[in-house]
Amino acid sequence: MPSMRDSDPQVAEIIQSEQRRQQETLEMIASENHASPAVLAAMGTVLTDKYAEGYPGRRYYCGNANMDSVEQLAIDRACKLFGAERANVQPHCGTSANLAVYLAALEVGQKIMGMNLAHGGHLSHGMHINISGKLYQIVSYGVREDTERLDMDQVRELALRERPNLIIVGASAYPRKLDFAAFGEIARESGAMLLADIAHIAGLVVAGAHDDPVPHCEFVTTTTHKTLRGPRGGLVLCRGNWAKKIDSAVFPGIQGGPIMQNIAAKAVCFGEAMRPEFKSYAKAILSNAQALAAELLAKGWRLVSGGTENHLMLIDLRSRLPEVTGRDAALWLEQAGIVVNWNAIPFDPRPPMKSSGLRIGTPALTTRGMGATEMKQVADWIDAALMSGGDAAALGRIRKSVSELCGRFPLPA
Ligand SMILES: Cc1ncc(COP(=O)(O)O)c(C=O)c1O
C-alpha cells in the first residue's frame, strides 16, 4: 500500500476505505470470509506478470519453471487435502469450475439435474439465463414444502423418471447437511454421473465437519474463497480417468492463461487448511452457527427448516415482520453495521430482488475469533435492528456498539 499511495492515491484510498469497512462491520454474508495475510501476500506478487497457458511441464510459453513448481504444489496439496485422485487448480471461479465439468462430461443438449435456484441452488446449475441453462436441458429438484429439506425419495423418483446425464448435489442457501452417499446411489441407479459442488462447505468438508463427497462422485467442484478461506477462485477434483478431459475443458476449453498469483494463493490456502487449527476453526463455525440460530429462534424468528447444520441459516422475516421485504431488512442491518444478503426462502411469494428471507453465515466472524458470547450479542443486535422498523437513530446506536465490538476482534494480520 505505501507505494500505491504515491502512485495512485485514488485507488489506494478506495482500498483503505474497504479495509476500514471490513474492520468496523460484522461480515455475515455466508459466502464471504477474511483471507489470511499469507493468502493476500501471494496474490500481490510478480506471478501476475506471467503467462502460463498449459499445465506443469506442458506450457505454451518459456520461463515457466517457477509457475510449474507453484501449480504442481497447489495440485498436490489439493489432492492430499481432499483425498482426491486428480485436481485442476486453474478455474478462475466456482462457475468456471462447474462449466469445465459440463464441457468435459456432457454433449450440448444433454440433461443436468440440479437443485432449484429458488430453493437454494446456484445459478450455474441451470438458471435459464446462465450458460448452463442455455446449453443443457435442466430438471430441478427442490425441498419439501412441509420440512424445507431435501427428500431423497423425491430426488430418486425424479432421477429415475428424467434419466439425467449428470446430477449435481450442492447449494448456495441450504442450511442442512447434504447426503452425498444417497446422491451417489441415486446417480448409479439412474445411470447418471455425479458432481458435488461444495463451494460453500469445502472448509467444513476438509475439516471433517461435513460428510465427504469425494468417494461418491465423479467430480467435485468448489470455490476457494468461502469457508476454505483462500483467494477468489475455483477448483475441480476428479477421478483419474477424467483428468485429461477436465484439463482440456478448463484450458483451452473455457479459459486462456491461468491466474498464477491466485494459484500460488490457493497453494497457501490448502497448506493452511491442512493444519490442526483449521479443524478447530471449522468446528467453531458450526458451534457459532448453532449458538446464533438458537438465539434467533428464542426471539421468535422462524428459520428455514427450523435451524442449521452448517455455516448458514435463513431467517423467514414473515414470522415477525410480514410486511418487510428481505431487501429492506438487509439494508437496515447494513446501516447497523451488520452485513448480510437478502435471499429467497423456499416457496417465497416475493420476487428474488425483494424476497422474504435473510441469509446469515458465521465463517467470517469465526475467523475474527468471535464465539458464543459474541453470537448472543449479535443476535440481540439483529433482532433490535429488524424490530426498529428502519429507525435511523436506533440503527446508528447499534452501529456504534458493533464498531466497538469489531475493535476488539481485528481482521487477520
Ligand atoms: C454452490 C455454488 N456453486 C458455485 C458458486 C460460484 O462461485 P463463483 O461466484 O466463484 O463463480 C457459488 C457461489 O456463490 C455457489 O454458492
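The expected span of a helix is 1.5 Å times one less than its number of residues. Helices here are DSSP runs of H or I with at least four residues, and strands are runs of E with at least two, numbered from the N terminus. The model is predicted, so local features need pLDDT of at least 70, side-chain atom pairs count only at pLDDT 80 or more, and totals for chains, interfaces and linings use all residues. Residues are numbered from 1 along each chain as its sequence is written.

Start with helix α12, residues 276-298. Its 23 residues reach 34 Å from first C-alpha to last, close to the expected 33 Å. Several α12 residues are buried, among them Y281, I285, N288 and L292. Buried means that 20 or more other C-beta atoms, placed from the backbone, lie within 10 Å of the residue's own. An α-helix has 3.6 residues a turn, so residues three or four places apart point the same way. The cover over the buried residues of α12 includes α14 (363-367) and α15. Just after α12, G300 takes a positive phi of about 100 degrees.

Now follow α15, residues 372-387. It packs against α16 (residues 392-408) at about 165 degrees, with axes 10 Å apart. Axes are lines fitted to C-alpha atoms, for helices over the stretch in contact, and angles run from 0 to 180 degrees between N-to-C directions. That makes α15 roughly antiparallel (over 145 degrees) to α16. Residues in contact, with C-beta atoms placed from the backbone within 7 Å, include W381 of α15 and I398 of α16.

Helix α13 (residues 326-335) also packs with α15, at about 120 degrees and with axes 9 Å apart. Here A329, W332 and L333 of α13 meet I382, A385 and L386 of α15.

Note on methods: Angles under 35 degrees count as roughly parallel, over 145 as roughly antiparallel, 65 to 115 as roughly perpendicular and the rest as oblique. Two residues are in contact if their C-beta atoms, placed from the backbone, lie within 7 Å. A residue is buried if 20 or more other C-beta atoms lie within 10 Å of its own, exposed if 12 or fewer, and partly exposed in between; C-beta atoms are placed from the backbone.
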